[in-house]
Each structure stands twice: as structure tokens, then as C-alpha cells.
Amino acid sequence: MTTVEIHTLLQPPNVHEADARALAHLNATFHSLDDLDHGANIEELLNQTRKQLDNLDAKLVHSQTVVDTAITETREMIELTFLSGELVSSLGRPDDTPTLLEDLEGLHRSLKELESVKGIETAVEQVRSANSPLVSEYENLQAFVTSVATACSKVEAVASQPDLHVVAFLNGVVERTWRDMRGVLTSTLLEAAETLKWPLKVDYVITAPEHRRTFERAFKHLLKLQTTGRRIRKDKDSTKEGLYAIQALVQPIALRFKYHFEGTRQTNRLDKPEWYFTHIVNESHEHRPFMESIIQSLLAGTEYRSINAWALAFDTALTDEGFDLPGTTLATADDKDSHWDGISDEILGKQEWFEAWVEGERKFAMDQYLDIISASDAWLIADEDDDAGHDPLVAERELRPTNSARRVKALVEQVTDRYSPLPQYPQRTRFLIVVQLPLLESYHSRISSSLDAFETLSSALMRAVPGALGAGEGRGGDTHRLTAGVEGVQRLCKAFVSAQYIASAMEAWGEDLFFLELWAEIGRRVNLRTKAESVASLPNPNGNEDEPPEGTIFEELVRHYKALVGRAEDMIVQCVTGEVEASLKPHLQAQCPLPWADILDDIVLRKHFLRPSLFFHPTLPSCVVRFPHTAVTTLYRRVASQLATHFLQRQVLYRGRTRCSVYEGKGILAEAELWVETARTALRGQRGRAEAPWRGYLQAARLLAGESAECARIIEATFGTLPDTEWVEVVLETVGVCELSREEVQQVLRKREDCER
């Protein structure tokens, strides 16, 4: 039977079609009323039809029963077929999902694992309830995890699947269990330590005996747990993890540190790093007696007896007190000479952290530098009372610096103190190049630009340039006074002493052991030597790994600052001599037409030399006060020599065709002696040093001022055939000084009216 037939049979009866068929049958059987009377009996026909209908109903019921039974049997067969397919293993079919049977087996295994993991809480509870380092339940947990790891390794080998996460998960559970067990005993120890008033200073003697016993018992339990852990946790590197008991006692100290320095309290100031340092050092020294006596005695009865209990340390400060890695858990048996690089290396060993710190230090140092050079008293000479007793450069070299130079020196030394404790030479080199050298370079550029501004102001344009030494004082007034007279010389003196002071400081720094070691290490390491070669302010190492570099680390900068000193010295000489020569120009051009015999020479001299004397006299003392003796001597010799040469040439040697009379010669001699006396007064009575540059000018003036009888002997000896040695004796006997050569003396004598040679 087809599906269409089955579908047709299942349709409900059609009433209209049945009525039509019944009507057609009646029409075919009974054509008229006579057929009803004489034909077939309609009653019998109706009974037959009813019997047929009953038979059909019975068949329909039977058929429906058979169909329902077939459908039920078919569904059962389909379900059995599906279940049989699901029960087939999927190990041979990598693309199929796990079967129902495999899911059931997996759930069964998970149930067993969960029952085993209940040992975690059991292990922690065992320690908590017994208040002692019992680890039997923990060992059971370890054994279970080991068995799971072994089984999983076999599955991985067969199925070629990646690492199962269940192993990593269970290993993490084991670690958390150990930490929880350790945390239980740590809490017990901290509770016992609170009875001793820890983390305050502990007076163990006056503590109640029961509190001491409780503390000692809790301390030893933690040590025993650690010892047991080293035995049963051999797969973990526990040789350098530190003592559990000491780490527990550190926790309250760390909380106090966070309270003061990691919150919003006023003690949390990044610009006061010494506060952090002082806090740690104070805590360390406060607890040192307790750690060395009580804690050390508790360690003496354990396998940790070789460890020094006083392990709270803070880099070099406590290293100086005798702390190092030997005697701590960080030192192994083979590292008897282990060296501790300090906490700074633990933090700054990360490159990004170190670079951030260096950048912060650079900005802070440059801000400090800008404040220094922008101060209103930056270019004032520092008070002698403030420097003499504290600054060795002032005391030893008699050099009085400007306030800016003194503060820049202090800032650079502060920077040195900031990075000198760094344990790594590359870190020190980085700090030197990025933070320290730019300060010295900037101050050099500042002084150099000030000298440039001075030259610009002293030029014909007379333009005021920002950045000059004290240039702001001349705003709205006469800018010529900034570079002229005593005030101009004093401004140059400030540049001179500033550059000389920093140069002397760098020479002293270069000989310091810290910078000598750093410079030697730069020359020894290729990477550091490459960095140094790329920095213009550092000298070229020019060495190899076996030989230390020559010179000092600041040699190149010292050379640049010395060049500034020389430039400032040249400008001082030029300023002084130019001012004096300009003041005397009218007098020298007049060639003294006054009748010298009829006037008082002293009065005339004071009139002519009033302005140059008033300038030259205070200029030298200002240099004497600010400069060291050697610098004053050099400056005075250069100024006096140039002025004496100028006067000798203008008044004597190249005065033209006009001959000089004896009276005029006496006037020139009076001028020369006045200059010498002025210099002697300015140099505070240093007669020999004051006269030395003027001796040639004095000799020429005395030759012109000598009487005819006295001069005749010199003329005869000079132009005659007398040997030079005898000639020198004649000149010394007559004039008292012999500085000029014989040819120059001849030239001077020819300027006398009574010389016919």
C-alpha cells in the first residue's frame, strides 16, 4: 500500500459523497413507484448495508491497532539504534564529539576528583585545628595530584592532545593550599607578636612569660613548616625564598610604611625621598637588638642557625653597617662572597622604571637649575662669611664665587649623591650623561652668552641682549654703563669667577674615587665607551679593555670652562686698558704744551690723571677681593704691561719729531710714578709685584728726566764701545733700573733735547 493510499484511507468520511452515491444507487434500482412495490425489498437492502458498515468498522479498529503496534515497535528500534551508535567510542573519530558512555565515565571521574580535592580544606583545617605544622593531609593531596598527572601524561601520549589544564589547575590548588597553611601559622605568629607590642620596640625582658612562650612556639612552628616544605616540596626552589617567620614579622612594618608613604598623608612626598630612607633605617636600628638577641637565639636551634636575623636592610646605608648577602637565605653554600646590589637594583633593574626615574630626575634638576640662574641674586658675589668655613675651594684657592656658581656646584654634587649608590655602571653612566652633564653644559652656555652680550653691548650698536650678566639693571637707563667703567669690569669679573669656580670644582670631582672608578669602567667596557664617544662633553677614552683611560671624566668640560676663563680675562684686560687709554687720549694728544718749569707738577698731574686714577684705583681692589692671588697677578701683569707699553710708545718712543726737555721728562716721570703708586696701593703694598710691569716705562721716564750731567754719562756709555755688562752697571747706578735693551735706551736718549747722537 502506497503512502497516498494510506493517506486517503486515513481521511474522515465525506457526507456529501455518501449521499450522492446512495441517491444514485436508489435511482438505478427503483425507476418508479411500481419498482418499490414489486422490486427488491428496500428493508433488506438497508440491513445489508448496515452489516457491511459494521464489518468495515471492525476492520478499521483492527487496522488501527496494528498500525499503533507497528509505530511503537519502530520507535523502539530507532531509539535502540541511536543508543548503540552513541555507545561506540569516539577515540578513533577525532572529529566526533564524546559519546554518552564517555560522558558518563568522565562525570564519574570528576566526582572522584572532587571527593579527593576535599582534602584541600582538610589539610588547611588540620593545621588550623592542631595549631602545628602537620602536613599528612597535604601529602595525601600531593600524592593524588601526582597520580592524576601520571594518568594524564599517558592519555597525552596515546591521543596526541595538548597539555591538559586539569594538571595545571591541580598544581595551582596545591600551591594555594600550602600558602593557606603558611598563612594560618603566620596569623598565629602575628597574634603572638602583638602581645609583645610588635612592630613597636620590643622589651622582651618585661614581657609576660606566657606571651613569650606563645611567641616562641609560633615562631618555631613556622620554621618547622618551612623545613618540612623543603623536604616534601623538592620540585620547588625554596632555597632563596626567605624565612617564613621573618617575613611574617615584616608585614606590620610594611603596613606602617604604606600608611605613611603610600596614601594621601602629608608624609607621602616624592620631593623628600630622604624621609623614606630615614623611616626604613630607623625601623632597622630600632629592632636590631631584638633581632640579634631573641630571634637569633631562636634560629640557633634550627638548621637556619647560619642566617643573620638582622636582615632588614636598605642599600649602602646598612651595607656600611656590615650587612651583606652572606648569612641570609639569598646566599647559597657556594656563594661565600655574594654581594648585595641593594633594593635599588631590584627596582631600577627594570629598564622602563629606570628610564622613568632618570627622566623625572632630569626634569627636577633642570627646574632647580632654572630657579638658580633666574634668582635676583644669581650674579652677586657670595658673602665671604658664608663660604670661607664651608667651601674648600674658597678657603684653599681664595676664590669668591657668585651665588649661581656656588648653587650650581651644590646642585651637581646633589645629583652625584643621587646616583652614586646605583649598583650598575651602565646606570651610573646613563645618569651622568642625561642628568649631570646637561647642567654643566647649560651653565657654560649661560656664561658664554653673557660674554657675548657684553661684547654686543660694548659695540657701536649698543644693543641690550637678554641673558647678560645683570643686564636687567640697565633697562630704562644708560646701557653704556653696563660695559664701561668699574661696573663693566665687575660684570666680567663675575663671569670669570663663575667659570673658574666650576672649573676648579670639576677638577676636584675628577680626582674623586667615584668618578675615577666610573671613568675607568667606561674605558674598559665597549658599550660604555661607545656612549662616551657620542657625548661631546666627555673626553675620548682612547683606551682598551686592559688599560685605564687617561685624564679624568670632566677633562673636556674643564677645558671648555678654562677657555671661558681665558676669554673673560682677555675681556677684563681689554676693558681696563681701553678705558684708561680712552681717558688719557686728550692728554697724550696735547703732548704737554704747558711750561713745566712755572707750575706745580703735583697739581697739574692730579688734574690730568683724575679720571684714569679714579677708574684704575678701584678696579684692581675689586679683582683682588674676588680673584685668587695667581689670577690677580696675571691680570695685573697683563693690564699694567699693556698700559706701560702704550705710554712708552705714545709719550716717548713714537712721540714724533718733538724733542723732550728735562722739565717735560720730569712730568712724564711723575706720571709713571703715579701709576706705580696707584698700583701699589691697589695691590695692598706689594711693591715688587706692583713695579715689575712698569719698569721699562719708569726707566724711560727717568732717562728723560735726568739732569744733563747725569745723563751725559749714560749717553756716553750707551753710544760708546762699553761692554754690555759694564753698560748695565752704569745704567743701574744712574737710573736704578735696567729693563730696556741697549737699542731701546738709545732710542729714548735721542728724544732728549741735549742728546746730539
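These notebook entries record what I looked up in a predicted model of a protein.

**Entry 1: conventions**

I noted that the model is predicted, that local features need pLDDT of at least 70 and side-chain atom pairs pLDDT 80 or more, while totals for chains, interfaces and linings use all residues. Residues are numbered from 1 along each chain as its sequence is written, and side-chain values use heavy atoms, with hydrogens and water left out.

**Entry 2: the whole protein**

I looked up the secondary structure and found 30 helices and zero strands. Both are DSSP runs numbered from the N terminus, a helix being H or I with at least four residues and a strand being E with at least two. Of the 757 residues, 40% are buried. Buried means under 20% relative accessible area, exposed means over 50%, and partly exposed lies in between (1.4 Å probe, protein chains only). The accessible surface is about 43,000 Å², and 54% of this belongs to carbon and sulfur atoms; the areas come from the Shrake-Rupley method with a 1.4 Å probe. I then looked up contacts (heavy atoms within 4.5 Å). Among those with a separation of 6 or more, 68% are between residues 24 or more positions apart.

I began with Ser-187, which is found in helix H7 (residues 165-194). Ser-187 has a relative accessible area of 39%, so I recorded this residue as partly exposed.

Which residues are joined by a cis peptide bond? They are Trp-198 and Pro-199, with omega about 15°. Pro-199 is found in the loop between H7 and H8, and Lys-197 lies in that loop as well. Lys-197 is not a glycine, yet has a positive phi of about 70°. I noted for comparison that most residues other than glycine have a negative phi and that most peptide bonds are trans. Lys-197 counts as exposed because its relative accessibility is 60%.

I checked the length of helix H8 (residues 209-232): its 24 residues should span 34 Å at 1.5 Å a residue, and the end C-alpha atoms are 34 Å apart, which agrees. The expected span is 1.5 Å times one less than the number of residues. The buried residues of H8 include Phe-215, Phe-219, Leu-222, Leu-223 and Gln-226.

H8 packs with helix H9 (residues 244-261) at about 125°, the axes being 8 Å apart. The two helices are therefore oblique to each other. The contact joins Phe-215, Phe-219, Leu-222, Leu-223 and Gln-226 of H8 to Tyr-244, Ala-245, Ile-246, Ala-248 and Leu-249 of H9. Axes are lines fitted to C-alpha atoms, for helices over the stretch in contact, and angles run from 0 to 180 degrees between N-to-C directions. Angles under 35 degrees count as roughly parallel, over 145 as roughly antiparallel, 65 to 115 as roughly perpendicular and the rest as oblique.

The twelve residues of helix H28 (residues 708-719) should span 16 Å, and the end C-alpha atoms are 16 Å apart, in agreement. Its buried residues include Cys-711, Ile-714 and Phe-719.

Which helices do the buried residues of H28 pack against? They are H27 (695-705), H29 (724-734) and H30 (742-749). The axes of H28 and H29 come within 10 Å and cross at roughly 165°, and these helices are therefore roughly antiparallel. Where they meet, H28 contributes Glu-710, Arg-713, Ile-714, Ala-717 and Thr-718, and H29 contributes Trp-727, Val-730, Glu-733 and Thr-734.
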